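Visitor: I'd like to walk through this model with you and ask where its labels come from. Could you show me the structure, please?

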Amino acid sequence: MILDGKAPTGPIEQSWDKHRFDMKLVNPSNKRKYKILVVGTGLAGASAAASLGELGYNVEAFCYQDSPRRAHSIAAQGGINAAKNYPNDGDSIYRLFYDTIKGGDFRSREADVWRLSQVSNNIIDQCVAQGVPFARDYAGYLDTRSFGGAQVSRTFYARGQTGQQLLLGAYSAISRQIKMGSVKLFPRTEMLDLVVVDGEAKGITVRDLITGEIRVHTGDAVVLASGGYMNVFYLSTNAMGCSVTAIWEAHKKGAFFANPCFTQIHPTCIPQAGDYQSKLTLMSESLRNDGRIWVPKKKEDCTKPANQIAEEDRDYYLERKYPSFGNLAPRDISSRAAKEQCDEGRGVGPGGRGVYLDFRDSIKRFGENVIRERYGNLFEMYERITDENGYQVPMRIYPAPHYAMGGLWVDYNLMSNLPGLFVLGEANFSVHGANRLGASALMQGLADGYFVIPYTIANYLVQTKPGKVKADHAECRKSIDEVKGTMKKLLSIQGNRTPFEFIRELGLLMWNNCGMARSKESLTEAIAKIPAIREEFWKNVKVSGTGAEFNQQLENAGRTADFIEFAELICRDALHRDESCGGHFRVEHQYADGEAKRNDADYAYAAGWEFKGVGKEPELHKEPLKFENIHLAVRSYK
Amino acid sequence: MSAHTSDDKTMSVKLIVWRQKGPNEPGRFETHLAKGITGHHSFLEMLDVVNEDLIKQGKDPIAFDHDCREGICGTCSTVVNGVPHGGQERTTLCQLHMRKFKDGDAIYLEPWRARAFPIIRDLVVDRGALDTLIQAAGYVSCHTGGVPDANAIPISKPDSDYAMDAAECIGCGACVAACPNGAAMLFAGAKVAQFAALPQGQVEAPERVAAMINAMKECGFGNCTNHYECQAACPKGIDVKFIARLNREFHKALFKAKAGAFIPLVEGE
């Protein structure tokens, strides 16, 4: 099947305005008759729930956390892009559109990216009106800074906590609707299944994480904004509870999964220290402005203290390999270069998995005070975790899994191939292509939630009769039975290994075979090994307690089971995409200088996978990507 | 807390942990040994080790709240040796590392204890009351769309910085747990102060402070008697000056109410 993104035709500059006019509306007095279920309360979910509630729809919002304010959008540090052109430095909607298409290595849908760029300006207006305290200059106007992949200063920020402040803005908006009664909130509630009736999404089956109750919520449309799946690598910058479960269950009920192999590995994270480690911590990429990255030239120097290694014995490999960008080379290039040095045996720190990020020269040039002023909080955080003083000894960094560009396939209206199922934010696939630029994730989450879904969902609802499916529908009962069956099975195995042990094993395999560099051999090996992990899991997992209580181990077990199934799909997608592009690097396809070698003739499409059963080969459906405004070109930042 | 254990050595610590099956069950302390811990283990990773061991023994693992493990989501919520988050300055429990303890230490773990936070299980409490405070009026009542350009209203940098200082609150509730009165005035004060400092928040300022103070009472939070324990426990270093601002905003609202400018009507005031 050829997938149709239903992107509007005609001049790109008018595409969204025209489409908004062409879509059907729901009469204001009819809106309250429709119920919309929103899963996830991060930037995308909270902004969607709040905006839909304001319009008069009946909204039910679900999150696994104890409060909407805790969603992992909160951890984003750097900022949010918008084409305001406040600094008068030549920015425009078209330039943001161009940068995002190019940054994504030409694997995203043009019309979606145009719309994102267009509404980016509304987002900043909206957040300021909500009381988000963005950084300002002394005249009282908004300040911006530069970020990777752009030559203009278009990133708005709130200290190092931009994600937190934007999420609290969306949280305040949803809180207002909860108070007004248009949004009903279900915290500590996890979606475990999608209810599909006659091919349309009409409900979700959830588990109340406090009482263990399994129940169905029915609605006229389902909006998934459940975030990304990078915890499939176990160690990632994601929160512990981030999982693929909501979108994976939807996939198993028929929703196509697009481009799962497009994963982003962030270059500046604190390296892993031991097997017990539970997560990796990101440090803002801005550190690369003043820090120099190096490893010892000689392997035997790797165990010496850094300050005993002479200047001529240090290899500033980014400056050497990419003289024009140096330490500010793009994320994917920097990450792969660090891995190469460590693979050659020149890594530093525990297990030889780290490179130095050295501020010695900057401290000499500007003084320690200036560096402290710029990055003091990051040095503090580094010391808290590693017990090392970054002013005295170079920091150690290593790349870590960070963001998922892939996700459920959606059309221009953000609706999946299942009518009534909408997917927003990191959970969908549409705008970042094969690589996301910094400060674009926050922009997408809020664009989808505040400014896209309120329009596009009406176009679907107006064609459906409200309240079609009730909780006693056969499909609802079937879904409850399935979920209960899975819970019962997980609890009954009583084997010898904990869910943690399985996800660690899976994560290591994925990191080694489907991480920063992938090959036909590594992927084929992973596809052969994953079914064995899955089979052992269902024979030998040990989950304590019962289903009818607060049981964190049962939650972990369910998420782990889904990750194991999903891992196979990432590997299959990575194996099928026989090219390198953005975050997907196949060692077979690179230029002499290590740059990713794209194959536009054969792979300029989004790959939408259809589920055919656990352990069975999924079916591929292609959505050809057309580039009518920005010409396909080799991505170069030299 | 002043101890410093090197990351290379391993140690054992004795945990005396509050165990409670549910809100209506009796609770008790239980002792567990955490073995093979290095200085690099975060406190929560140490608990992971203990839990893996408990599961293997067929016992119930210790329930504790956690999520981002990088000090920003505000989920982790355990009182360690009598201090919320364990007492390292400006540090959430997830970022406290075991090198701050020494071999053989006995460590007491308890949940947030406050009237407004019922215990769910072991170290997990229900902090929904903090959401209720925000729902009462912790927002600017603007709809999506129809707002002016972001640069239409300049905001002085000091005002903007002050609002950001207040907005850094992560809503973990350590302030409530540390307060002898179980008050949420630092939490509510930070929100009231953030909006009071911004032009966007001025319009509803009297209604906001009145509604939030009302909600504090309804949720069972206490009042501030100037112990400053909240500031000491706050992992983000939120300043008690925001409580003073809360009081000032409240009194301003009372004057406005007396003048008939609005009707807040906080019961009993």
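Visitor: What makes the meeting of Arg127(B) and Asp66(A) a salt bridge?

Guide: The term asks for a side-chain nitrogen of Lys or Arg within 4 Å of a carboxyl oxygen of Asp or Glu. The side chains of Arg127(B) and Asp66(A) come to 3.2 Å, N to O, so the pair meets that rule. The count between chain A and chain B is 9 salt bridges.

Visitor: Good. Before we go on, what am I looking at?

Guide: This is a predicted model, in which local features need pLDDT of at least 70 and side-chain atom pairs count only at pLDDT 80 or more, while totals for chains, interfaces and linings use all residues. Residues are numbered from 1 along each chain as its sequence is written, chains are lettered from A and ligands numbered from 1 in the order in which they are written, and side-chain values use heavy atoms, with hydrogens and water left out.

Visitor: How do you know which residue pairs between chain A and chain B are in polar contact?

Guide: A polar contact is a pair of N or O atoms within 3.5 Å; within protein, one must be able to donate a hydrogen and the other to accept it, and residues adjacent in sequence count only if both atoms are side-chain atoms. By that rule, 50 residue pairs are found across the interface of chain A and chain B, both residues at pLDDT 80 or more. Helix 6 (162–180) is among the elements of chain A that give two or more residues to this side, where helices (H or I, at least four residues) and strands (E, at least two) are DSSP runs, numbered from the N terminus. Helix 6 of chain A gives the largest share, 9 residues.

Visitor: How much area do chain A and chain B bury between them?

Guide: About 6600 Å², 50% of it on carbon and sulfur atoms. Buried area is the accessible area (1.4 Å probe) that two parts lose on being put together, summed over both. In chain A, Arg70(A), Tyr276(A) and Arg384(A) lose the most area to chain B, together 12% of what that side buries.

Visitor: And within chain A, what are the domains?

Guide: Domain 1 covers 267–401 and domain 2 covers 473–603; such bounds come from an automatic or database domain assignment. Their centres, taken over C-alpha atoms, are 30 Å apart. Contact, meaning heavy atoms within 4.5 Å, takes 10 residues from domain 1 and 9 residues from domain 2. The two domains bury about 850 Å², with 62% from carbon and sulfur atoms. On the domain 1 side, Tyr322(A), Arg336(A) and Lys339(A) supply 49% of the buried area, more than any other three residues.

Visitor: How many salt bridges cross between these two domains?

Guide: The rule finds 0 salt bridges there, and 0 residue pairs in polar contact with both at pLDDT 80 or more. Helix 9 of chain A gives the most to the domain 1 side, with 5 residues.

Visitor: Why is Arg69(B) called buried?

Guide: Buried means under 20% relative accessible area, exposed over 50%, and partly exposed in between (1.4 Å probe, protein chains only). Arg69(B) has 5%, so the residue counts as buried. Arg69(B) lies in the loop between helix 1 and strand 3 of chain B, and has a positive phi of about 55 degrees although it is not a glycine.

Visitor: Is Asn226(B) counted as buried or exposed, then?

Guide: Asn226(B) has 55% relative accessibility, so this residue counts as exposed. Asn226(B) is found in the loop between helix 7 and helix 8 of chain B, with a positive phi near 60 degrees.
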